[in-house]
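Subject: Structure handover

Hello,

Here is the structure I promised to pass on. Please open it next to this email and follow along.

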Amino acid sequence: MKKSPKFSSVLFLSMLLLPSYNLLAQNSSFRIKVKSGLQNTPPYLVKYYNSNNWEKFYADILKFDYDPKYEYDIKVAKHKEGPNSIYALTKTFAKSLSEKTDVATWEISDSYVNAQRLGKLKCLQIKTDKKNKWEYLNTPIRGFDFQEGYRYRIRVKQTKQKDTDTIDYSLVEIISKERTNELPSVAAFLARFKWNLLQLNGKDVTDSKASIGFDAKNGTIAGTTGCNNFWGNFSITGNQISFPHLASTMRACNGANIENDFFQIFEQKQIQFDIAEQTLNLYIDRKLIMIFGLERE
């Protein structure tokens, strides 16, 4: 059967258009924002025009001379060469630098701490490259979902707001995230009870009403000296227990009280302990200095 001239024309036109269609499919361009402060690229951290979150872009971008001090708004062309995609910069819409912006690398400790001088809970403990000591941070880091029990190393962008001393912190990238050792099983036993202070430096102090409670999941303590409430963290290594980052209320304590002696012991770094039947016993230099008795519900 003979094909009609009309059908042949349509077929010929389709064959002419097919290569052009494939060529368009192989090539495209898109606009992205590229985040500042990245130490090694690729991957870049980018935002597409319809995206609210930063995403990783693993390919190299030809002709793009990235400087971590700047944030970019660029147009990128994608070209297909065989099985590979090639990306190249075609236009830079904006390249912005804030003179009051800095990027730093921080180490984040594995648990929240209590800053005595701030009088607040839920502070992060950070160590910067510039200062080799732990410091408190009670300001949130935007984009950073901190999980207790993990030690982090992160890069943070610090932006000082104009005409103020306020600094805004935002996460650039998580360099590493490592789980730290969990508290030993004895902590779970301590957490089952409230522990009332029975003896301090060899003296009966039952009437003081001092007590302590343990939270094994979060590695924290809370209690009372009989006058002021206190809280903080605890850690156990072998037969040693310590109570770093203690904080307390500041009520004036009238009359005789045990508070000074109580805190003087708890602030020691080398405290040994054991659990004998229904008592928690604390020692310094092998000398018994505190006895707590468990309170059953």
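Below is what I found, topic by topic.

Before you start, note that this is a predicted model.

As a reminder, strands of a sheet pair through backbone hydrogen bonds, either parallel or antiparallel. Strand 1 (residues 27–34) and strand 2 (residues 44–48) run antiparallel. Three bridges join them. To find one of these on screen, pick I32, whose bridge partner in strand 2 is Y48.

Strand 20 (residues 240–242) is joined to strand 22 (residues 271–276) by two bridges. The two run antiparallel. I241 has I271 of strand 22 as its bridge partner.

Strand 22 also pairs with strand 23 (residues 279–284). This pairing is antiparallel too, and it spans five bridges. Strands 22 and 23 form a hairpin with two residues between the strands. Look at E277 there: it takes a positive phi, near 55 degrees.

**The disulfide**

How many disulfides does the structure hold? There is one. It joins C227 to C253, with an S to S distance of 2.0 Å. The angle about the S-S bond is -100 degrees, and the link is left-handed.

What does this link tie together? C227 lies in the loop between strand 17 (220–224) and strand 18 (229–233). C253 lies in the loop between strand 21 (247–248) and helix 3 (259–266). The pair therefore ties together parts that are 26 residues apart in sequence.

Is C227 buried or exposed? Its relative accessible area is 17%, and buried means under 20%, so C227 counts as buried. C253 has a relative accessible area of 23%, so this residue is partly exposed. Another cysteine, C123, is buried, with a relative accessible area of 0%.

**A buried serine**

S211 is found in strand 16 (residues 211–215). This serine is buried, and its relative accessible area is 7%. What does S211 touch? Leaving aside residues up to four places away in sequence, its contacts are K194, W195, N196, L197, G223, T224 and F230. Show those side by side with S211 and you will see its surroundings.

**The second largest pocket**

Last, turn to the second largest pocket. Its volume is about 490 Å³. The lining has 24 residues, and the closest to the pocket centre are K35, S36, K157, S170 and V172.

Which strands supply at least two residues of the lining? Among them are strand 7 (101–108), strand 12 (150–160) and strand 13 (167–179). Strand 13 gives the most, with four residues.

The lining can also be sorted by class. There are eight nonpolar, eight polar and eight charged residues.

**Where to look**

- The C227 to C253 disulfide.
- E277, in the hairpin of strand 22 and strand 23.
- S211, with its contacts, including W195 and F230.
- K35, S36, K157, S170 and V172, the lining residues closest to the centre of the second largest pocket.

Best wishes

Note on methods
Residues are numbered from 1 along each chain as its sequence is written. This is a predicted model: local features need pLDDT of at least 70, side-chain atom pairs count only at pLDDT 80 or more; totals for chains, interfaces and linings use all residues. Side-chain values use heavy atoms; hydrogens and water are left out. On a 1 Å grid over the protein atoms alone, a cavity is a set of points where a 1.4 Å probe fits but cannot get out, and a pocket is an open set with protein on both sides within 12 Å along at least five of seven lines; lining residues have an atom within 4 Å of a point. Grid points are joined across faces, edges and corners, and a volume is the space filled by probe spheres set on the points. Ala, Val, Leu, Ile, Met, Phe, Trp, Tyr, Cys and Pro count as nonpolar, Asp, Glu, Lys and Arg as charged, and the others, Gly among them, as polar. Two strands pair if DSSP finds at least two bridges between them. Buried means under 20% relative accessible area, exposed over 50%, partly exposed in between (1.4 Å probe, protein chains only). Contact means heavy atoms within 4.5 Å. A disulfide is a pair of cysteine sulfur atoms within 2.5 Å.
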